[in-house]
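Subject: Structure handover, with notes on charged pairs and nonpolar cores

Dear colleague,

I am passing on the structure we spoke about, and my notes on its charged side chains and its nonpolar cores follow below. Please read them with the coordinates open.

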Amino acid sequence: MNWLWGGQTVAEPVVQGGLSKNVSVLKQLQKADDKTVEEITENFLKMADTESGWIKDEVNTTKVLQVFTQTLETCPISAVKAVGIVPYPISEWINDFKGFEEYKIWDPSLISGEMIETGDIMKGDKKYNVEFSHQAFYSGSVLAANRDLSVLVVTSQLKDGRYVIAGRSFQSEKVPEDPNYVRADLLFCGYLLSKLTLKSGKEGTKVIYAVLLDPKGYVPSVVVNQGISDQTKIMTNMKERLKEKYG
């Protein structure tokens, strides 16, 4: 995920969700009155599925990848959005989002990932795949501590056929804070995948990646300045890896 802002000391992480270690995350999310998975999905879509408020980043935008940033009034950090095209059908590579093996290639800053709970749940007639995990990342500087996350990732399909893979911090006693890391706060992160027809006539995928991550603690300004570039590299690395796998 990397770190998007810093050069200052900021407040402690805001807890979004929270459960004791004896409570199953999936069972809690399954309850009719628990709206966590819906909220994670809707909040991500509000940011990713709109052009409103986003400013094009001319420095990091390329011929094949459009990059945008947005500063929110309620948050001292900038959100990043990248839009690109993958020349493969969604069905061919969507499972690459599962677990951490492929994602670690897309994002080399990922130190480790541990899956705590995963499975499908139904909310009414809609199915969601849920992954609750602990993830640790390099900070990008020897002057700053590495970061970690307790995160919930929700995958679902919209009525129009698009797929949403959305994540947010989710605190639980199952993932206690580790003194070796600074616990970051992921406000939203994810991918919006849409089917499209390539110039060749073959089916491809439009990918929108958006993220807003508060690293917390102190982060040197040099890391801040590198943050947007590092975020866009995730999309670049993804495309290169998919070409390597699916040719």
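Please bear in mind throughout that this is a predicted model.

I began with the charged side chains, and a search of the whole structure finds ten salt bridges. One of them joins Arg 241 to Glu 244, with the closest N and O atoms 2.7 Å apart. The two residues are three places apart in helix H5 (residues 221–246), so that about one helical turn separates them. Through shared partners, salt bridges link Asp 96, Glu 102, Arg 241, Glu 244 and Lys 245 into one network.

Two other pairs may interest you. Arg 162 forms a salt bridge with Asp 160, the closest N and O atoms lying 2.9 Å apart, and Arg 162 is buried, with a relative accessible area of 19%. Lys 195 pairs with Glu 203, where the closest N and O atoms are 3.9 Å apart; here Lys 195 is exposed, at 62% relative accessible area, and Glu 203 is partly exposed, at 31%.

Turning to the nonpolar side chains, the largest core has 32 residues, of which Trp 93, Phe 97, Trp 106, Tyr 191, Leu 193, Tyr 209 and Met 238 touch the most other members. Among the elements that give two or more residues to this core are strand S7 (147–157), strand S11 (185–197), strand S12 (203–214) and helix H5. Apart from its neighbours within four places in sequence, Trp 93 is in contact with residues including Trp 106, Leu 193, Met 238 and Leu 242. There is also a second, separate core of 31 residues, which includes Leu 45, Leu 152, Phe 170 and Leu 212. In soluble globular proteins, nonpolar side chains tend to be buried together.

With best regards

Key. Residues are numbered from 1 along each chain as its sequence is written. This is a predicted model: local features need pLDDT of at least 70, side-chain atom pairs count only at pLDDT 80 or more; totals for chains, interfaces and linings use all residues. Side-chain values use heavy atoms; hydrogens and water are left out. A salt bridge is a side-chain nitrogen of Lys or Arg within 4 Å of a carboxyl oxygen of Asp or Glu. Buried means under 20% relative accessible area, exposed over 50%, partly exposed in between (1.4 Å probe, protein chains only). Helices (H or I, at least four residues) and strands (E, at least two) are DSSP runs, numbered from the N terminus. A nonpolar core is a set of buried Ala, Val, Leu, Ile, Met, Phe, Trp, Tyr and Cys residues joined through side-chain atoms within 4.5 Å. Contact means heavy atoms within 4.5 Å.
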